[in-house]
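Here are some notes to read alongside the model. Please keep the structure open and find each residue as its name comes up.

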Amino acid sequence: MNTNGGNRAVTVTRTATGDLTGIDLYQNVLIARHEGVDPLAISHLTFDSVDDSDLFFTTATSAPNTLTVYPNTELMVWNGKTFAPGGNVTLQSGGSGDSRDGRLYLGTSAVSSAAGTETHSVGGSLFAGTGSTFSPANTTLTFTATTTGKSIVSVPALTLYDVVFNGTGGNWSLDSTGTTTMNTLSVTAGTVSGTSSVLVQNSSVAGNGTIAMTGGAFRIDGTGIFGGSSPWTFYHLMFGSGAAASSTNTGSATTTVSRVLTMAAGYTLNAGSSAYMLPGSGTPFLMNGTFRGMG
């Protein structure tokens, strides 16, 4: 919409044919789509805010390519389409409280396809619709909001790679229907809450931010570190899946498991001197592995 500073909306697509019909525009949304089989990439977004101030994004084609989407807008991958950035993506946040501010939105059956070790930064929420796919490769996904009310909601199971929550004052609620799987999790600032089930495959869950899960099963596999300087709360917390592995608590704060703490066979938790609170009724500690406290 070429409004010279009025209402803003941008849709970018590519086609080998002529005129197109049925192209939607949503206010304060950058829609990425394509009409052929080849996905849209950063390299196709070279006409940006430098060329027209009504466009609320900038790109750079270098090594790597970069896309920056301005505050109070979102990046939406259109239904059934694929966005393969081929570089680093930053969704800035203005702290307005608008649901679109800094959000990554995957429409029905949409695909966000990363490659290699790209870095993606999300200033707002993440929403993945029915049948959508977030293909992470070995990327780092950093959530940077400094305000509350952000969420990570996925209708299908969601697979990420290295995930970082790094926004002082930020609060993200994990409320996906299926399990959210990741390689490592770092909560360096802010608060992660919610009711999703979470699987951390490489056993690194660390940082001095706060974890306050009120539902779901939080499982940690592999060998790595656990803990930080802020208290963490889980609904169900499980270590291991039957293979030999271990986790070492390097933090100093109390870990509370409101229902059941489970140690799988073959798994060792080196708990150190940190306290573990198990207020659940019945059998709040199922120990088939090894729990090692201080001394």
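This is a predicted model: local features need pLDDT of at least 70, side-chain atom pairs count only at pLDDT 80 or more; totals for chains, interfaces and linings use all residues.

The points below go from the whole chain to single residues.

1. Secondary structure and overall form. The chain has 30 strands and zero helices. Its radius of gyration is 21 Å, close to the 19 Å that the globule rule gives for 295 residues, so the chain is as compact as a globular protein of that length. Along the principal axes, the C-alpha atoms fill a box of roughly 70 × 35 × 35 Å.

2. Burial and surface. Of the 295 residues, 48% count as buried. The chain exposes about 12,200 Å², and 49% of that area is supplied by carbon and sulfur atoms.

3. Contacts along the sequence. Take the contacts between residues at least 6 apart in sequence: 32% of them join residues at least 24 apart.

4. Charge. There are 15 negative and 10 positive side chains. The centres of the two sets lie 11 Å apart.

5. The core. Which residues have the most contacts inside the largest nonpolar core? They are F83, F165 and F218, in a core of 58 residues. Leaving out residues up to four places away in sequence, F165 touches F143, I152, W172, L174, L185, S186, V187, T188, A189 and V192.

6. N166. This residue lies in strand β16, which covers residues 162-174. Is N166 buried or partly exposed? Its relative accessible area is 41%, so N166 counts as partly exposed. Beyond its neighbours within four places in sequence, N166 is in contact with T142, F143, T144, W172, T188 and A189. N166 and R259 are 93 residues apart in sequence, and their C-alpha atoms are 28 Å apart in space.

7. A189. This residue is in strand β18, residues 184-194. A189 has a relative accessible area of 12%, and because buried means under 20%, A189 is buried. Apart from neighbours within four places in sequence, its contacts are F165, N166, G167, T168, W172 and G209. From A189 to T210 the separation is 21 residues in sequence and 7.3 Å in space, C-alpha to C-alpha.

8. A cis peptide bond. The bond from A63 to P64 is cis, with omega near 5°. Where is P64? It lies in the loop between β3 (57-60) and β4 (65-69).

9. Positive phi at N72. Phi of N72 is near 65°, a positive value in a residue other than glycine. N72 sits in the loop between β4 and β5 (74-77). Its relative accessibility is 29%, so N72 counts as partly exposed.

10. Positive phi at S109. S109 is a residue other than glycine with a positive phi, near 60°. The loop that holds S109 runs between β8 (104-106) and β9 (111-113). With a relative accessibility of 39%, S109 counts as partly exposed.

Terms used:
Residues are numbered from 1 along each chain as its sequence is written. Side-chain values use heavy atoms; hydrogens and water are left out. A nonpolar core is a set of buried Ala, Val, Leu, Ile, Met, Phe, Trp, Tyr and Cys residues joined through side-chain atoms within 4.5 Å. Buried means under 20% relative accessible area, exposed over 50%, partly exposed in between (1.4 Å probe, protein chains only). Contact means heavy atoms within 4.5 Å. Helices (H or I, at least four residues) and strands (E, at least two) are DSSP runs, numbered from the N terminus. The radius of gyration is taken over C-alpha atoms; the globule rule is 2.2 Å times the number of residues to the power 0.38. Accessible areas come from the Shrake-Rupley method with a 1.4 Å probe; for residues, only the protein chains shown count as cover. Lys and Arg count as positive and Asp and Glu as negative; His and the chain ends are not counted. The place of a charge is taken as NZ of Lys, CZ of Arg, CG of Asp or CD of Glu.
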